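User: I'm new to this one and would like to learn how to read it. Could you walk me through it, general idea before the case at hand?

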Amino acid sequence: MGVSAKAFQSWRTLVAPDESTADLCRRTGIKRSTLAQQLVRGNVAVSTVVRSARAYGQDPVVALSGFDGYHGLAEGRREPTPAELISQIPYQCILKYLLARGEADEGHPAVPQVASYADSIAVRPWFEAVDPGDLRHQLSAATGIAPQNISAQLTAGRLSTRLAVEAARQAGVSLTSGLVVTGVLHPDEGGWPPQGREEALAALSDAELVTLARDRLDALAKVLRKREQDEKYHHALLENLG
């Protein structure tokens, strides 16, 4: 869900009254044709609002909060939960951390760095981390979007901005979290601390860390098994086709 083109133009006039549309495109790197299409359709993408706010030194979250559909976003911004932070740590980093903790017990305190947010942000793990068990149905009831369509987006590793914000709202976490994991906001803009993931890992007991590693490996095994089955099916299909 984007924002009203009329509302966007009004906001832009207040923020930069002396700037033209061409100036905006030059500052943000957005193609003039892309912005023109959004304005003509009457629906400006949220990413356009965010990039425009950054270009003019505005807080993107505060800027978005002024548009219909995003009211209260700034007030609902807070730090993510430990579960959210851990959901954004690749399994490779978890395994390295587990090994490093074992070595630390032997007098080797070095702890490996967790991959950058840019290299590890993922939608589905976040959704599963905040899901109390019926989040898809709660989202469907709140937005009118069928649960299977929500699942299809998650399987594809994405979530619309409308669903991302509403998922956070229904799950009772920071309203900006969904926009962080979908890449709309930078982690710091959404209130995610730079060392939050490392701190969340450090807070886990040895048993919890081992269980986390096991669960991640189990999930990876399922993905790999499905991939192998799909490859075998496609190979067999090609052989049957001659």
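Analyst: Let's begin with exposure: a residue is buried under 20% relative accessible area, exposed over 50%, and partly exposed in between, using a 1.4 Å probe and protein chains only. Take R26: at 61% relative accessibility, R26 counts as exposed. A word on what you're looking at: this is a predicted model, where local features need pLDDT of at least 70, side-chain atom pairs count only at pLDDT 80 or more, and totals for chains, interfaces and linings use all residues. Residues are numbered from 1 along each chain as its sequence is written, and side-chain values use heavy atoms, with hydrogens and water left out.

User: Where does R26 sit, and how many helices and strands are there in the chain?

Analyst: Helices (H or I, at least four residues) and strands (E, at least two) are DSSP runs, numbered from the N terminus. By that rule the chain has 15 helices and 2 strands, and R26 belongs to helix α2, residues 21–28.

User: Is T28 buried or exposed, and which residues does T28 touch?

Analyst: T28 is in helix α2 too, but T28 is buried, with a relative accessible area of 13%. For touching, we use contact, meaning heavy atoms within 4.5 Å. Leaving aside residues up to four places away in sequence, T28 touches R51, S52 and A55. From T28 to S52 is 6.1 Å, C-alpha to C-alpha, although they are 24 residues apart in sequence.

User: At what angle do α10 and α11 pack?

Analyst: Axes are lines fitted to C-alpha atoms, for helices over the stretch in contact, and angles run from 0 to 180 degrees between N-to-C directions. Helix α10 (residues 135–143) and helix α11 (residues 147–155) pack at about 120°, and their axes are 9 Å apart. Angles under 35 degrees count as roughly parallel, over 145 as roughly antiparallel, 65 to 115 as roughly perpendicular and the rest as oblique. So α10 and α11 are oblique to each other. On the α10 side the contact uses R136, H137, L139 and S140, while α11 brings P147, I150, S151 and L154.

User: How is that contact made up by class?

Analyst: Ala, Val, Leu, Ile, Met, Phe, Trp, Tyr, Cys and Pro count as nonpolar, Asp, Glu, Lys and Arg as charged, and the others, Gly among them, as polar. The contact of α10 with α11 has 4 nonpolar, 3 polar and 1 charged residues.

User: How does α10 pack with α12?

Analyst: Helix α12 (residues 161–171) packs with α10 at about 115°, with axes 10 Å apart. From α10 come L135, Q138, L139, A142 and T143, and from α12 come R162, L163, E166, A167, Q170 and A171. By class, that contact divides into 6 nonpolar, 3 polar and 2 charged.

User: Which residues of α12 are buried, and what covers them?

Analyst: T161, L163, A164, V165, E166, A167 and A168 are buried in α12. Their cover includes α4 (46–55), α9 (123–130), α10, α11 and α13 (177–181). After α12 comes G172, with a positive phi near 75°.

User: What about the loops: are P194 and G133 buried or exposed?

Analyst: P194, in the loop between α13 and α14 (196–202), is exposed, with a relative accessible area of 62%. P194 lies 8.7 Å from Y117, C-alpha to C-alpha, at 77 residues apart in sequence. G133, in the loop between α9 and α10, counts as exposed at 62% relative accessibility.
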